[in-house]
Amino acid sequence: MKHTLANLKRGERGIIKEFSEDNIPLKLLEMGCLPGNEVEVLQIAPFRDPMYLNVNGSYLAIRKEIALLIEIDPLV
Amino acid sequence: MAKQINVALIGNPNTGKTSVFNKLTGLNQKVGNYPGITVEKKEGVCKLPRNLKAHILDLPGTYSLNASSLDENLVIELLLNKSDKDYPDVAVVISDVENLKRNLLLFTQIKDLGIPTILAINMADRMERKGISLDVDLLEEHLKTKVVLVSARKNRGIDDLKEAIINYQHISNEPCVNASVVAPEYFERLRKAFPNQSIYKLWLVITQDVNFGNINRNEITHAKGFITKTETELKRLQHKETILRYQFINGALKDTLKVDANAAKDLRSRLDRILTHKVWGYVIFFGILLLIFQAIYSWSSYPMDLIDETFAHLSEWSKANFPPGVFTNLISEGIIPGIGGIVIFIPQIAFLFFFISILEETGYMSRVVFLMDRVMRKFGLSGKSVVPLVSGTACAIPAVMATRNIENWKERLITILVVPFTTCSARLPVYLIIIALVIPDETFWGFNLQGLTLMLMYFIGFGTAIGSAWILNKFLKIKNRSHFVIEMPNYKLPLGKNIAINVVEKTKAFVFGAGKIILAISIILWVLASYGPGDDFNRAEEIVTVENQPNTQLSKEELDEKIASFKLRNSYIGIMGKGIEPAVAPLGYDWKIGIALISSFAAREVFVGTLATIYSVGSDDEQTIKNRMAAEKNPILGGPLFTFASGISLLLFYAFAMQCMSTLAIVKKETNTWKWPMVQLVGMTAFAYVVSLIAFQVLK
């Protein structure tokens, strides 16, 4: 099964894999969401959307539709 | 005269850039617009040591030089155009010590343009508390520039920054990153096709969506012997470039920046756990809104009553003390009530912007965006629409402008279209006076009934905005890729000075922007009410006296009143009001309200001023406007004019009708067509008419 950011629960972490999608907005990379970085889900709004993340020290909120595009290796 | 150094302040949002700007320029600043567009232009002058001066331009906040909004385009345009009069001699990139890594992305891009770039690291006072240590000298070496630690909050490092600005000529122009390694062949071809241009500038122009001053994008993409890339290929290269820049930044920070992770476990996570909580987050948000509206309502009523009375006295005094004549009448009946109609708004606008600035300064507004995004999206809006919708409670004009950071055009357009439904401060005086007339001043469960009604009006406005957004979302067919990525900034204590400047600025913008229109209309109305066409108006006295001859019981005063009333009925404005009376009578209004409605199409707030003008012209009784309205009789139904039914009908009309020329103008500017403002004008006003009609007919 493909693991994406959208699968993570509150408090869970993962490592971002190489992007395979072209639809990932550039803005996300600019905000520090880069392959190889660790990401932690800090909070999820009702309906699991949007998600509030800490990526390598950057605090962002993204929508589920984008979270679905970001593959990760979950950390236990 | 000393040479002036052109300085551009650039930085990510939430880095305290504006605080640094305020510290550098003091009150020596002005806010205007860039020519042709509505992006705010903030500039100021900073006195430097050694008799030098710097012209400081505060550019809109941006995360990178890859523009996704109008504000960001402007930053790039300026930095690419050497012939622009504001082109900086030196750029100061403001960054936040806790987000240094991300902030450096923009820094490397600006440095690569060949502009001397100073790095100012703000909020340095927080370093110790956050367990951050930084080797400034080594960082300067890596970045090949001057690095200054500042704290705008604690007023530290500002002099060092000024010193660095003076010595800008010693800063190296050497780039940080060689972007061409992401596609060596492509960049080589680019270099050959345009040997005289900076390669990085060309690259920026190619990847952006706009044309820039002296470099035309089409010219590049259609140049001979140069093969363009598809959008996807370009985007991939931009991804690569961004990764490359982060590699450089990680290298530069590796041995210079140390963060003790344990010290950073802090306020943020504790506050976020509550403020973004599934249940408590919303409860707190609505609690804050309730508090704000109750506060605005109860706090501003004192200064407003005072202003109301002061202007009534002033009008009376001027009439008694100036020599009688047309000019005195103009002053006491036209100009003074007109100015009063502007001044009376100041307390509410100031309070509202006071609260909005606090929410923004503390970082809480981003949490609201996070909480509301999903809910708002159901209606075709974005979490970012919350800020415009909330700002819309002050004035639709800044609110429409605030939609600019919504990247998705469809969400942005819908937000623009529905924002005028939110209860702007111009409606407030109308609401306040009508509520005071028709809603009893009693408490219900500890809440003031009038206050509750006012809050209900805000909810109606907000609800209609949301509901119409939902409908628009169904009907508008616009394709769009959405890029919702927002930063969740750190919580900060708001800076009093920033809030004060913001409140003063917004209030000034209202007084001198909308205020001018209101005053002009008040004077026009006075003229229209004081003059009339034909014999009836000019011979009013004679006609009324003859008519009332058999009725000898009339006192002198009663006769005068009849004359004044007859005059008003036959004045230009009376004729206009009478003309539309058949259309507004089913809503429960008389021709005087009809006149106020007509004038409200220029700006809603004119309503109260208009009635004030009409009534003070109609009678010499110097009572406050409210008492005068309460005494008004309905000409058709008899009984008081302002009943529960007609009051509610009027409230609803003002809630829904599009009655603001300035908003229409700004919507035209932002959407670049007259289509959308016309949709608003016709749609909203027709809706208002129907709802008010139903309300009055059901309630009467």
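This is a predicted model: local features need pLDDT of at least 70, side-chain atom pairs count only at pLDDT 80 or more; totals for chains, interfaces and linings use all residues.
## Chain A and its confidence

The mean pLDDT of chain A is 88, with 99% of its residues at 70 or more. Within chain A, strand β1 (residues 13–16) has the highest confidence, at 93, while helix α1 (residues 26–30) has the lowest, at a mean of 87.

An unreviewed UniProt entry lists residues 3–74 of chain A as "domain: Ferrous iron transporter FeoA-like". That span is 33% strand and 12% helix, and its end C-alpha atoms lie 8 Å apart.

## A sheet across two chains

Next comes the sheet. It is open and antiparallel, with 6 strands in the order β5(A)-β1(A)-β2(A)-β3(A)-β4(A)-β12(B). At its edges stand β5 (72–75) of chain A and β12 (485–487) of chain B; each has a single partner strand, so one side of each has no neighbour in the sheet. On average, neighbouring strands are turned by 35° against each other, direction ignored.

Strands of a sheet pair through backbone hydrogen bonds. Here, β1(A) and β5(A) run antiparallel and are joined by 4 bridges. For R13(A), the bridge partner in β5(A) is L75(A).

## Two faces of helix α22(B)

Finally, a look at chain B. Helix α22 (residues 540–547) of chain B has the buried residues A540(B), I543(B) and V544(B). Viewed down the axis of α22(B), these buried residues fall within an arc of 90°, so they line one face of the helix. Residues three or four places apart in an α-helix point the same way, because there are 3.6 residues a turn. The face of α22(B) turned away from the buried side carries exposed E541(B) and V546(B).

Methods
Residues are numbered from 1 along each chain as its sequence is written. Chains are lettered from A and ligands numbered from 1 in the order in which they are written. Side-chain values use heavy atoms; hydrogens and water are left out. Buried means under 20% relative accessible area, exposed over 50%, partly exposed in between (1.4 Å probe, protein chains only). The arc is that of the directions from the helix axis to the C-beta atoms. pLDDT is the predictor's confidence in each residue, from 0 to 100. UniProt positions are given in the numbering used here, feature names are shortened, and annotations may be inferred rather than shown by experiment. Two strands pair if DSSP finds at least two bridges between them. Axes are lines fitted to C-alpha atoms, for helices over the stretch in contact, and angles run from 0 to 180 degrees between N-to-C directions.
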